[in-house]
Amino acid sequence: MCGRFIQSTHADQLAKRFNLLAMPDLTPRYNIAPSQPVLALRMTEPGQREAMSLRWGLIPAWSSEPRTAYSTINARAETVAEKPTYRQAFRQRRCLIPADGFYEWRNVGSRKQPYCIAPVNGRPLAFAGLWDRWERDGQVVESCTILVTQANALIARIHDRMPVILDPKDEAAWLDPTITDPAVLKPLLAPCPVEWLRVWSVSTAVNTTRHDGPELMAPLQVGLDL
DNA sequence: CCAGACGTTGTT
DNA sequence: GTCTGG
DNA sequence: CCAGACGTTGTT
DNA sequence: GTCTGG
């Protein structure tokens, strides 16, 4: 799955990578946790891409409270087109979530060892995401979820699920609001090639959400790598 | 019909 | 064990 | 995802 | 809102 990730690329670099006209000021973040704000990209009317900040953990528009009684930080690619919580968003409110890496935990006996996974080429990845807008009594909460799929052979050493990392050539289609056919969209949600990513073990400092900095990505020097 | 869920993962 | 907060 | 709380009353 | 279970 995907329960922590990194957004560290500067605004100007992101604007170039994702063809954005404007970007808000960004603070690099190395330990984004559920419930926190996430930078996401969506399509606006004249076909422009727009950056926005979304709460991580999708709150459906029909929810009575601006929260859910269950976890919506991830949506399974295999079933996202049918699930009541995600179906409308899947057809109408898809987004890209830029990421410079993510963390997964491997069970080692009774211990849990965190690993960092990041792009080999150093360029930001795009997670496939969905967003929704919740509104009651003038209170507005925009929120998102990250799609997950079967782990590729690299990630499978750690965990059996991983975020959907889109092929850059599919990013425009994922954002295109005129595409609503699951038969067209679902093939974009395959596990990414192992060649795009590298994996290494990191300190359990990442476990604590108040820790945030590039040091969280530092490789462990004690031979826990896979 | 109404009531109640609506999710993912891991573990047993 | 389970829920909430980050 | 992990970490940390998980309760009530009365007093300051 | 929409689907499932009773």
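**Exercise 1. The largest nonpolar core**

Task: In this predicted model, find which residues of the largest nonpolar core touch the most other members, and then which elements give two or more residues to this core.

Solution: Begin with the core itself, which holds 29 residues, and pick out Phe90, Leu96, Leu130, Leu147, Leu166, Trp174 and Leu189, as these touch the most other members. Next, turn to the elements that give two or more residues to this core, namely α1 (11-18), β3 (37-43), α2 (87-92), β9 and α3 (171-175). Then take Leu147 as an example: leaving aside its neighbours within four places in sequence, this leucine is in contact with residues including Ala75, Val80, Ala128, Leu130, Met162, Trp174 and Leu189.

**Exercise 2. The buried side of α1**

Task: Decide which residues of α1 are buried, and what covers them.

Solution: The buried residues in α1 are Leu14, Ala15, Arg17 and Phe18. Because these residues cover an arc of only 165° around the axis, they lie on the same side of α1. Among the elements that cover the buried residues of α1 are β3, β4, β6 (94-99), β9 and α3. Just after α1, Asn19 takes a positive phi of about 55°.

**Exercise 3. Aromatic pairs**

Task: Describe how Phe5 and Trp56 are arranged as an aromatic pair, and do likewise for Phe102 and Phe127.

Solution: A pair of aromatic rings is described by the distance of the centres and the angle of the planes. For Phe5 and Trp56 the centres are 5.1 Å apart and the planes stand at 80°; since an angle over 60 degrees counts as edge-to-face, the pair is edge-to-face. Phe5 belongs to strand β1 (residues 5-7) and Trp56 to strand β4 (residues 49-56), so that the pair links distant parts of the chain, 51 residues apart. Phe5 is buried, with a relative accessible area of 0%, and Trp56 counts as buried at 1% relative accessibility.

For Phe102 and Phe127, the values are 5.9 Å centre to centre and 70° between the planes, again an edge-to-face pair. Because Phe102 lies in strand β7 (residues 101-108) and Phe127 in strand β9 (residues 125-136), the pair ties together parts that are 25 residues apart in sequence. Both Phe102 and Phe127 are buried.

Methods. Residues numbered from 1 in each chain as written. Chains lettered and ligands numbered in written order. Predicted model: local features only at pLDDT ≥ 70, side-chain atom pairs only at ≥ 80, totals over all residues. Heavy atoms only, no water. Phe/Tyr/Trp six-rings, centres within 6.5 Å; stacked < 30°, edge-to-face > 60°. Helix = DSSP H or I, 4+ residues; strand = E, 2+ residues; numbered from the N terminus. Buried < 20%, exposed > 50% of the residue type's maximum accessible area, 1.4 Å probe, protein only. Core = buried A, V, L, I, M, F, W, Y, C linked by side-chain atoms within 4.5 Å. Contact = heavy atoms within 4.5 Å. Arc of directions from axis to C-beta.
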